[in-house]
Amino acid sequence: MAFTLPDLPYAFDALEPAIDARTMEIHHDKHHAGYVSKLNAAVEGSDLASKSIEDICKIGVDKLAAGVRNNGGGHYNHSLFWEILAPASKSGAPAGALAAAIDADLGGLDKLKADFSTAAATRFGSGWAWLVKKDGKLAITSTPNQDNPLMTGEGTPVLGLDVWEHAYYLNYQNRRPDYIEAFFSVINWAKVGENFDNA
Ligand code: MN3
């Protein structure tokens, strides 16, 4: 079964002004679509074609062929990214077990924001910042390119932020810190909580 591009769960302009409609359209319809079609080409005819994208990532960063690593990561990462975003009016706040873990493991929401922002801002070049659950605890990390914590063994992602320039350059140019700050206004905290519970 071939991998498919998931629909965005909202309109292209739903995240404005934090993330502009044109960026969302190109990011989803061109960049993510490209990862999906290249992933399908990379796994065609191999055992990987019947595996889930999660199981492919878990094979590990050093064991995956470059085409599967880059495009499989691209597909997994962006699929998660669209889901953990929401219009600012529906962003909400961490609740339940997630909120308790943020306090216990990360020193509270303000500390999470500060440390996550540092991870996202200091990821040199292209990559991702992550909130992960590993052994029941929350942690913050980052990965280069389209690698992710499933590949590196750092845990199960519950929240991810794309810091490739294609994710923000049209609106923010070189101001990655402004994009990171705006990101916190459009997080779908209910979905992040679901990811935490299921991880
Ligand atoms: Mn991207």
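Tutor: Start with a term: contact means heavy atoms within 4.5 Å. The model is predicted.

Student: Which residues is Leu 159 in contact with, leaving aside its neighbours within four places in sequence?

Tutor: Among them are Leu 80, Ile 84, Phe 116, Trp 130, Phe 183 and Val 192.

Student: Why look at such nonpolar contacts together?

Tutor: In soluble globular proteins, nonpolar side chains tend to be buried together. Here the largest nonpolar core has 41 residues, and Leu 159 is one of those that touch the most other members, along with others including Phe 81, Leu 138 and Tyr 179. Elements that give two or more residues to this core include α3, α5, β3 and α9.

Student: Which element gives the most to this core?

Tutor: That is β1, with five residues. A second, separate core has 14 residues, including Ile 56 and Leu 150.

Student: Which residues coordinate the manganese ion?

Tutor: His 27, His 78 and His 166 each coordinate through NE2, and Asp 162 through OD, at 1.9 to 2.1 Å. Along the chain, the donors follow the spacing H-x50-H-x83-D-x3-H. His 78 lies in helix α3 and His 166 in the loop between β3 and α7, 88 residues apart, so this pair links distant parts of the chain.

Student: Why does His 78 count as buried?

Tutor: Buried means under 20% relative accessible area. His 78 counts as buried because its relative accessibility is 0%. His 166 is also buried, at 18%.

Student: Where is Met 24 placed?

Tutor: Met 24 is in helix α1, and its relative accessible area is 1%. Met 24 and His 166 are 142 residues apart in sequence, yet 9.7 Å apart in space, C-alpha to C-alpha.

How values were computed
Residues numbered from 1 in each chain as written. Predicted model: local features only at pLDDT ≥ 70, side-chain atom pairs only at ≥ 80, totals over all residues. Heavy atoms only, no water. Donors = N, O, S within 2.8 Å, 3.2 Å for Na, K, Ca; no water. Helix = DSSP H or I, 4+ residues; strand = E, 2+ residues; numbered from the N terminus. Buried < 20%, exposed > 50% of the residue type's maximum accessible area, 1.4 Å probe, protein only. Core = buried A, V, L, I, M, F, W, Y, C linked by side-chain atoms within 4.5 Å.
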